Amino acid sequence: MKLTSGFANILKNSTASVKKNTGVSVGFHDPDTWISTGNYALNYRMTTDFHKGVPLGKVAMLSGQSGSGKSFIASGNIVREAQKQGIFVVLIDSENALDEDWLHALGVDTSEDKLLKVNMGMINDVAKFTYEFIDGYRKEYSDVPREDRQKVLFVVDSIGFLSVPAAVDQFKTGDLKGDMGIKAKQLKAYITQCVNSFGDLNIGMVCVNHSYESQDMFNPDPKISGGQGLVYACSMVVAMSQLKLKEDTDGNKTSEVNGIRAICKVMKSRYAKPHETVEIKIPWDTGMNPYSGLVEMFEKYNLLTKSGNRLTYTDIDTGEQIIKYRKAWQSNEDQCLDLIMNQFHRNPLITPVSEEEKGDENFGVEQDTE
């Protein structure tokens, strides 16, 4: 049935009215720009793509224990990878912890034309700043095609450390009653407005948050601070926990702690199956290897199988068997992990989850016994 001219005019006028309002848009806005987390295995767990990570137009959250690597990934890796694509980064630091030397060590460019760092501690200040930025962005680019607009990524590190005006008033009087639930409501409202506003813009957000271990034996998933509403509002949520890395740069066991093992569990994703886990090693001296966690993940999918004290992969194009020691696989000798990633994507016959993984969602994740 063809639309009448009268109804077409109604749609045209309504669309024009919608476009004038901040926070509303018309049509579909599937992500077309993705920013890697700096780790192939984590990218895959979040998006079923080794090269995608977090999308513009959405809000993603990395939540974890102190020292679990969340700032390393969000304010370091993701910011660096965003800048490689010409994406301008607005870095909101609520903890006054992101030193310039530390960012430089992770490959982040702190030049004024690449990054704006803002120190804010109050939710209402962050909300006002974000709104004014989005409002100015819409006015500046109202007549510019979407593909020609400047792409922007907000990184809030951390959203869980933001405070509310009531807490400041209590601090002045010494009557510290807590926020009485105000903070959780304001955080949800802030993220909800960001999600609605980013839809048709080349803007995205990554938030860092805090989480703690669950004491509920029937629901052992990590508990994320800021209230459940904050989790509902985000498109992606990754919970991270920390274990000790007792290995040297060659992968040999040591008695000393040389870094962390970040256990990343995808609690929520609109682009992949949730509750999948990957372990990433982050040595303090060398930083994260982008291939970290891939060998163990490919073992779960039975792509890499044990042959004595070595691991074997069968090339699906040639039928040739590639046999190497674990350390050689983990170091990506001869770019063999790149070969598997490429074939993993091209051939759906090698994607089923193994029976062992189906039976235990924590399969392959070591537990810290100390």
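In the predicted model, the protein chain comprises 12 helices and 14 strands. Of its 370 residues, 46% count as buried. The accessible surface of the chain amounts to about 19100 Å², and carbon and sulfur atoms account for 51% of that area. When contacts between residues at least 6 apart in sequence are considered, 68% join residues at least 24 apart.

In soluble globular proteins, nonpolar side chains tend to be buried together. In the present model, the largest nonpolar core contains 58 residues. The residues with the most contacts inside this core are F50, L153, L294, F298 and W329. The element that gives the most to the core is helix α3, spanning residues 70-84, which supplies 6 residues. Apart from this core lies another, of 35 residues, including V59, M205, A233 and C234.

A184 is located in helix α7, which covers residues 182-198. Because its relative accessibility is 30%, A184 counts as partly exposed; the range for this class lies between the buried limit of under 20% and the exposed limit of over 50%. A184 and Q228 stand 44 residues apart along the chain, and their C-alpha atoms are separated by 8.3 Å.

Key
Residues are numbered from 1 along each chain as its sequence is written. This is a predicted model: local features need pLDDT of at least 70, side-chain atom pairs count only at pLDDT 80 or more; totals for chains, interfaces and linings use all residues. Side-chain values use heavy atoms; hydrogens and water are left out. Helices (H or I, at least four residues) and strands (E, at least two) are DSSP runs, numbered from the N terminus. Buried means under 20% relative accessible area, exposed over 50%, partly exposed in between (1.4 Å probe, protein chains only). Contact means heavy atoms within 4.5 Å. Accessible areas come from the Shrake-Rupley method with a 1.4 Å probe; for residues, only the protein chains shown count as cover. A nonpolar core is a set of buried Ala, Val, Leu, Ile, Met, Phe, Trp, Tyr and Cys residues joined through side-chain atoms within 4.5 Å.
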